[in-house]
Amino acid sequence: MNKRIFIGTLLLLLSLNSTFTCATTIDLNKNIAQINSSIEKANYRGADDVIYKTLTEYKDNYDVQALAAVSWALQSKLELAQDQIDRLKNVIPKNSNLHFAQGVVFYKRITSSNMAYRTKAENLFDIAYREFKYSIQLDPTNYKAYNALGVIELKLGNYNLAKSNIGKALELCPNYAVALDNMGTVYLAEANAVKAEEYFRKAIAVNPNSASAYYHMAQLECDRGNYSECLTYLNKCLAWKGYSSFAYNLRGDAFRLQGNEAAAIGDRKSGSA
């Protein structure tokens, strides 16, 4: 199986002020929920838009600032994320999302083209793991951190631990599309195509723009010899992703296996670009 792998006038004024405060709190909470929802679906542009609008009005809100670091880290905007983390870490040292963002930065440094980071990969891996664990210690409901731990366990080949952590993330946030896709990936690694497909389809149902889930469905169909279905999923993946060397290479393989060598060559060139 392929493994590609949130007194009179005075009283009147007080009442009005109280009303405005309540409305402000509701709007802020709504925006934070919208930011988290976008992150759950890997819609980072949408998350950034709401973060920007929210900070325009509530520029000193540290929860939103921490979510900005989360969004940037997940987009691999690592320097931007790290600058934000460094600015906030002494102000909100026990913010769970801030430690989650730091873990993501360290984890993504492992595959950096900068050799100063790549030579410290094992150390960065351990630090990322500790940041995710501390994030959960600070907030046991931080489903993003549970999902991240699951991804690390998957990378280590600890499939049961991966399923346990990602399962906890889904228990806390059942419509977490990224975690649904990751759970499918664990089953894919275990060569359980039926369970893998179940989770990939759930991820797509929650987020029809999930390029990753479409790619994984394409992997499944290619392995089954259903090349037309594979190509359909890859086209959807590329429509939302824009560019993916993995998707182009897999599409090249599917074309080749269909006997369309000319199209295969073109996609392999795109995949190596």
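A salt bridge is a side-chain nitrogen of Lys or Arg within 4 Å of a carboxyl oxygen of Asp or Glu. With that rule in hand, you can find E197 and R201 paired in this structure, their closest N and O atoms being 2.8 Å apart. You are looking at a predicted model, where local features need pLDDT of at least 70, side-chain atom pairs count only at pLDDT 80 or more, and totals for chains, interfaces and linings use all residues. Residues are numbered from 1 along each chain as its sequence is written, and side-chain values use heavy atoms, with hydrogens and water left out.

**Salt bridges**

- Eleven salt bridges are present in the structure.
- E197 and R201 sit four residues apart in helix α11 (residues 193–206), which is about one turn of the helix; helices here are DSSP runs of H or I with at least four residues, numbered from the N terminus.
- E197 is buried at 17% relative accessible area, while R201 is partly exposed at 42%; buried means under 20%, exposed over 50%, and partly exposed in between, using a 1.4 Å probe and protein chains only.
- Another pair is E79 and R109, with 3.0 Å between the closest N and O atoms.
- Because E79 lies in helix α4 and R109 in helix α5, this pair ties together parts that are 30 residues apart in sequence.
- E79 is partly exposed, with a relative accessible area of 48%, whereas R109 is buried at 7%.
- R256 and D253 also meet through their side chains in a salt bridge, at 4.0 Å from N to O.
- These two residues, R256 and D253, are three residues apart in helix α14 (residues 245–258), or about one helical turn.
- R256 is partly exposed, at 39% relative accessible area.
- Shared partners link E197, R201, E221 and R224 into one network of salt bridges.

**Cysteines**

- How many disulfides are there, if a disulfide is a pair of cysteine sulfur atoms within 2.5 Å? The count is zero.
- C222 is in no disulfide, and its nearest cysteine sulfur, that of C230, is 4.4 Å away.
- C222 is buried at 11% relative accessible area, and C230 is buried at 0%.

**A look at K94**

- K94 lies in the loop between α4 (78–88) and α5 (96–109).
- Is K94 buried or exposed? K94 is exposed, with a relative accessible area of 62%.
- Leaving aside neighbours within four places in sequence, K94 is in contact (heavy atoms within 4.5 Å) with Y134 and L138.
- K94 and Q137 are 43 residues apart in sequence, and their C-alpha atoms are 9.8 Å apart in space.

Key
Disulfide = S-S within 2.5 Å.
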